[in-house]
Amino acid sequence: PHPSSHPPAPDRHMLDIALFRTDQGGNPELVRESQRRRFADVGLVDKVIELDEQWRKCRTELNHAQRDLNETQNKMKPFYKEKKPVPEELVAAKQAHDAKIAEIQKKEQELIDARDGTLGTIGNIIHDSVHVSDDEEHNPVVTTFGEFKTEPWMLSHVDLIYMAGMADYTKGTEVAGNRGYFLTGPGVMLNQALINYGLNFLQKKDYTAIQTPFFMKQSIMGKVAQLAQFDEELYKVTGEGDDKYLIATSEQPICAFHLNEHVDPKTLPHRLAGSSTCFRKEAGSHGRDQLGIFRVHQFEKIEQFVVCSPEGDESWKEHQRMIDTSEEFYKSLGVPFRTVNIVSGALNDAAAKKFDLEAWFPGSKAHRELVSCSNCTDFQSRRLGTRYGHGKGDGAKLHPHMLNSTLTATERTLCCLVENYQTPTGIRVPDALVPYMNGVAFIPFKLPFPGKVKKGHEIVHHVPTEQELDEVAKGKDGLSAYLEKHQVAKALNDALNKVSKERPADPVAAIAALLAGGGATAADSKGKAEAKAAMERGE
């Protein structure tokens, strides 16, 4: 078969080979212990050490052979200089040296391939704070938010999205095959609202937005993807030029964005907000989540990606900051969740530690993963040839740490939102997303419940009547009328305008004082005095 019909062999240097060399200050027992915690093959460490020792001996032998060749060539130089025939014994000796060097070089390359191939199967060094277990049921819970409650009448996202006219599963399957879908109407708008809200949310956290390519060269994908991903996740694209692979996450092209880069320590950390469509075969998920849009072959995602200093505990501070950011995002959406510390036996090769945020789906009566947040330390940057600093005195032998975290895989988040915000007549839109939905705060059901009602169960969900829609509108209009009656908007605007002109040191206190005094045109003396005092504190 043509070579391109096979996945590329990933580049191998993931762990520093010096870790395996005790004479260079390495600690192979650290790697063995990490393998034990991963419930992986500890014998691979000894195999790497054995192959490395053979390679080092072979390299010494090669150096000696090249020295012998140089000596012979030096003996031949006078004959060349005097344009005399070189003695046959010197010619024969050089030929023998050339043949020996070629033989040793072949052996050396075989040893390098064997050693690095084995090295590439060993995972990153696991952090001591990771719980040792090979059962994800034992993932320690580190954070919870909200209540994990449900009601008998609640439906799953599969039915809710269909009833609200947010997606067409049937046409999607006809056109795109298994797990295909069309987002439609409010589904498109809510999905886009999540994308835009996510990007704005990260921008306020000092992230720089980056929209990535949707495919990567085969040779570059081999540097950022694990070998198993080529079989279970990645789609290959053939056509003009070299074969390419569709990305499974924007983490992959963002990693490659730093290929062979020398990162100036003074510029770190680099915080990037990746925006992309992602493509996954989901071959390892056969039979799971077959219905709906929770687990699909194509989806949108907003990703956190950080490049930071390898020194001290900087990357661990960034790791905590990233999961805190994801938690704050879902709190802002009013979604109950728990954050878990993934057990050692369930970590992928690149991660030294990983948090998962598992949101509560009340209709499905289950927690489902929405966020994975990993610190990969220098595992990826070493493979990419990304250096920390420029010169010897600037840490040129160090590699920056790379971290990644989902903010939102929007179709999954959409599934979660419709379950948490369902009502008998439709889906409420979270307050944080209403401005991104052109003010739409409610998505009414358009279609009746599609399935058979089980005996003893009652489906309360239904297409709302005109009267029910009027009541929803009246509730919204009633609030508007209440705010207008009490001139809340005017009072706020007057106070904000006054504060923007005066610029007090404590603007919140100044606004509170102005409002407590009846707005920026307060009538009572106490309110005026408080407002004046707050303003004066800023002078």
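**Figure 1. Overview of the protein chain.** The protein chain has a secondary structure of 16 helices and 18 strands, where helices (H or I, at least four residues) and strands (E, at least two) are DSSP runs numbered from the N terminus. This is a predicted model, in which local features need pLDDT of at least 70 and side-chain atom pairs count only at pLDDT 80 or more, while totals for chains, interfaces and linings use all residues. Residues are numbered from 1 along each chain as its sequence is written, and side-chain values use heavy atoms, with hydrogens and water left out. Of the 539 residues in the protein chain, 46% are buried; buried means under 20% relative accessible area, exposed over 50%, and partly exposed in between (1.4 Å probe, protein chains only). Among contacts in the protein chain with a separation of 6 or more, 71% are between residues 24 or more positions apart, a contact being heavy atoms within 4.5 Å.

**Figure 2. Helix α1 and its cover.** Helix α1 spans residues 28-37, and its buried residues are Pro28, Val31, Arg32, Ser34, Gln35 and Arg37. Helix α2 (43-81) is included in what covers these buried residues. After α1 comes phenylalanine 39, with a positive phi near 60°.

**Figure 3. Cysteine residues.** The whole structure contains 0 disulfides, a disulfide being a pair of cysteine sulfur atoms within 2.5 Å. For cysteine 255, which is in no disulfide, the nearest cysteine sulfur is that of cysteine 376, 7.1 Å away. Cysteine 255 counts as buried because its relative accessibility is 1%. Cysteine 58 also counts as buried, at 1% relative accessibility.

**Figure 4. Aspartate 356 in strand β12.** Strand β12 (residues 353-361) holds aspartate 356. With a relative accessibility of 5%, aspartate 356 counts as buried. Its side chain joins that of serine 372 in a polar contact of 2.9 Å. A polar contact is a pair of N or O atoms within 3.5 Å; within protein, one must be able to donate a hydrogen and the other to accept it, and residues adjacent in sequence count only if both atoms are side-chain atoms. Apart from neighbours within four places in sequence, aspartate 356 is in contact with Arg338, Thr339, Val340, Ile342, Glu369, Val371 and Ser372.

**Figure 5. Histidine 401 in strand β15.** Histidine 401 belongs to strand β15 (residues 401-409). Histidine 401 counts as buried because its relative accessibility is 11%. The side chains of histidine 401 and serine 315 make a polar contact of 2.9 Å. Not counting residues up to four places away in sequence, histidine 401 touches several residues, including Val306, Cys308, Pro310, Thr377 and Asp378.

**Figure 6. Arginine 412 in helix α12.** Arginine 412 lies in helix α12 (residues 410-420) and, at 16% relative accessibility, counts as buried. A polar atom of the side chain of arginine 412 is 3.1 Å from the backbone oxygen of glutamate 369. Residues up to four places away in sequence aside, arginine 412 touches Phe294, Arg295, Phe361, Glu369 and Leu370. The C-alpha atoms of arginine 412 and phenylalanine 299 are separated by 8.6 Å, although these residues are 113 residues apart along the chain.
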